[in-house]
Amino acid sequence: MEIKVVIYSCYELTYKQIYGDVISRLYPNINIADVKLEIEDISNNSTRSIQSQRSLKQYVTRTLRIYEDGILKHIVATSNTNFDLDKKRERDLDPTKKYVYGEPAYHANTYLKQGSPAIFNYYFDEKNKNAGVDLSFYLLDIDQTYPHNLFNILSYRELQTIGFKVLNIDEVDFSLYRETGCVLNSTSNIAFSSFTKYMNDISLISKRNMGNIPSFLQCQEHLVQGENDSESYYIDKYIYTFKALSAQGYDSLFRTWCMKVLADKEGTDIEFRLGKQYFHYDAQEKAVSDRLTGPILKTFEYAGINLEYVTNDEFLIEKNLEENAYLSAKNRKDPRNQSLFRNNIRKKGVPTRCVICGNDNPTILKAAHLWEVSSIKNADANTINSFIRVNSLFDLIDQTSQHKNELFFKKYCLTNSGDNGIWLCGNHHDLFDQNYFYFESEMGTVVLHFQDEHQAALFLEETVEDCRIPVQVLTQATKAFIAQRNICFRN
């Protein structure tokens with residue numbers, strides 16, 4: 001079998017350094033000396049600069065094309081590099097050129113995702129002609145910090161979930177990712193195992209952007225009518241709304257694609273909405289942002305992602321509903337908003353089944369607070385602020401709200417946080433409220449607590465078998481809520 005690697009002239013020096021490692025990962029038993037390397041010259045007799053070559057739309061230059069006996073078998077796309085030998089050579093030959101070489105600072109959004117739609121579309125076009133071709137990615141500058149940051153590691157996981165491997169993923173340091181509380185069982189298969197796991201990791205990693213909401217996930221209950229009332233039931237529908245300005249278009253492509261793959265795998269109903277305007281709800285001017293680039297739109301089509309559109313005014317209506325709900329709770333002096341609480345548990349991705357018995361009948365499932373509402377309601381300012389500060393839970397308080405410094409608002413956010421909730425069936429919810437059992441705060445396992453032969457105690461003994469809160473949703477925030485409930489319980 002003859003193996004040939006083809007690269008473009010604008011990446012000749014850079015890719016000559018890596019093609020051997022790429023081949024060894026794809027063909028472990030091949031002698032690299034037997035592999036033919038071919039340079040496709042698109043320089044137009046050297047009158048075209050390196051940058052202009054890379055900008056030619058008819059070429060997807062950030063790829064290595066690997067042929068087996070003349071048939072394209074592998075497309076290997078690379079990340080961007082700031083240690084680009086081809087640009088360095090051109091700069092050295094002509095110092096007037098303003099190419100930046102070797103600076104370690106590099107914007108995370110440009111490292112892998114920028115330019116990826118053109119790569120995806122090239123792959124899908126080739127696959128339509130040759131079903132046997134595949135696409136993978138190779139990371140450059142792996143000795144720098146940015147290939148190992150949270151944003152990019154999330155991108156690698158999204159890629160593998162969608163179906164595209166990172167060939168040298170073994171060189172990525174996942175320690176920072178694990179420090180956030182995210183669980184990674186294996187570094188060889190980093191794909192997300194479930195929609196729940198993906199939502200949970202996003203919530204741990206994402207930070208709120210003051211006054212500007214680039215994306216948000218809602219979950220709504222929809223009643224499905226049966227032949228009679230007893231056969232009617234509720235289903236959950238996720239709605240992911242995002243915007244597409246600048247690099248956010250690339251990020252949204254990866255995220256929606258990953259969501260769709262996981263949702264399709266699990267039969268989860270999800271809808272994607274593209275925001276037509278900035279979600280700056282206090283801005284005087286509303287910039288239109290619904291213009292996804294052609295390559296991104298084409299990739300959405302290839303991925304089978306249908307888009308709806310939402311205007312800024314429609315978004316404001318949703319925000320006003322949230323604002324009015326808070327003011328109503330404040331007027332009642334009750335931080336409980338059960339509808340918001342249930343929605344936030346769903347958004348977090350907690351499996352909709354009873355933690356104790358596994359019952360998944362939506363008509364009997366109840367959203368249970370780990371840290372009791374009454375305890376939060378009666379807590380003083382020092383208790384609330386210490387809880388947030390000690391556990392670093394500042395992200396649970398909506399920093400975009402004008403009420404963010406109000407004590408009641410903090411109680412409202414903590415009470416209705418998805419991290420403060422689990423699903424329990426009606427029976428086990430009542431027993432939980434009566435303190436017949438509690439959860440151990442580190443592993444989330446159930447601990448029975450009774451000293452009599454009460455019927456409820458016997459019922460629990462029969463139904464509890466190594467029960468625990470699912471590890472994929474047992475975040476540091478959830479552990480903190482459990483620990484706080486247990487403090488109240490002991491007191």
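Reader: Let's start with Thr478. Is it buried or exposed?
Author: Thr478 is buried, with a relative accessible area of 1%. Keep in mind that this is a predicted model.

Reader: Where is the place of Thr478?
Author: Thr478 sits in helix α19, which covers residues 476-490.

Reader: And what is Thr478 in contact with, leaving aside its neighbours within four places in sequence?
Author: With those left out, Thr478 is in contact with Lys348, Leu370, Asp419 and Val473.

Reader: Zooming out. How many helices and strands does the protein chain have?
Author: The protein chain has 19 helices and 13 strands. It has 491 residues, and buried residues make up 50% of them.

Reader: What share of the contacts comes from residues 24 or more positions apart?
Author: They account for 73%, counting contacts in the chain with a separation of 6 or more.

Reader: OK, helices now. How do the axes of α10 and α11 cross?
Author: They cross at roughly 5 degrees and come within 11 Å. Angles under 35 degrees count as roughly parallel, so α10 and α11 are roughly parallel to each other.

Reader: Which residues make the contact?
Author: From α10 there are Gly249, Tyr250, Ser252, Leu253, Thr256, Trp257 and Lys260. From α11 there are Ile296, Thr299, Phe300 and Ala303. These residues divide into 6 nonpolar, 4 polar and 1 charged.

Reader: And α6 with α10, how do those axes cross?
Author: The axes of α6 and α10 cross at roughly 50 degrees and come within 10 Å. That makes α6 oblique to α10.

Reader: Which residues make that contact?
Author: Ser116, Pro117, Phe120 and Phe124 come from α6. Tyr250, Leu253, Phe254 and Trp257 come from α10.

Reader: New topic: charges. Why can side chains pair up?
Author: Side chains of opposite charge can pair when their charged atoms come close.

Reader: How many salt bridges are in the whole structure?
Author: A search finds 17 salt bridges. One of them joins the side chains of Glu171 and Arg25, at 3.6 Å from N to O. The pair links distant parts of the chain, 146 residues apart. Glu171 is in the loop between α7 and α8, and Arg25 is in helix α2.

Reader: How accessible is Glu171, and what about Arg25?
Author: Glu171 is partly exposed, with a relative accessible area of 33%. Arg25 counts as partly exposed too, at 26%.

Reader: What about Asp251 and Lys113?
Author: Their side chains meet in a salt bridge, 2.5 Å from N to O. Asp251 lies in helix α10 and Lys113 in the loop between α5 and α6, so the pair ties together parts that are 138 residues apart in sequence. Lys113 counts as buried, at 3% relative accessibility.

Reader: And Glu271 with Arg273?
Author: Those side chains also meet in a salt bridge, 2.7 Å from N to O. Glu271 counts as buried at 18% relative accessibility, while Arg273 counts as partly exposed at 23%.

Methods. Residues numbered from 1 in each chain as written. Predicted model: local features only at pLDDT ≥ 70, side-chain atom pairs only at ≥ 80, totals over all residues. Heavy atoms only, no water. Axes fitted to C-alpha atoms, helices over the stretch in contact; angles between N-to-C directions. Helix = DSSP H or I, 4+ residues; strand = E, 2+ residues; numbered from the N terminus. Parallel < 35°, antiparallel > 145°, perpendicular 65-115°, else oblique. Contact = heavy atoms within 4.5 Å. Nonpolar A, V, L, I, M, F, W, Y, C, P; charged D, E, K, R; others polar. Buried < 20%, exposed > 50% of the residue type's maximum accessible area, 1.4 Å probe, protein only. Salt bridge = Lys/Arg side-chain N within 4 Å of Asp/Glu carboxyl O.
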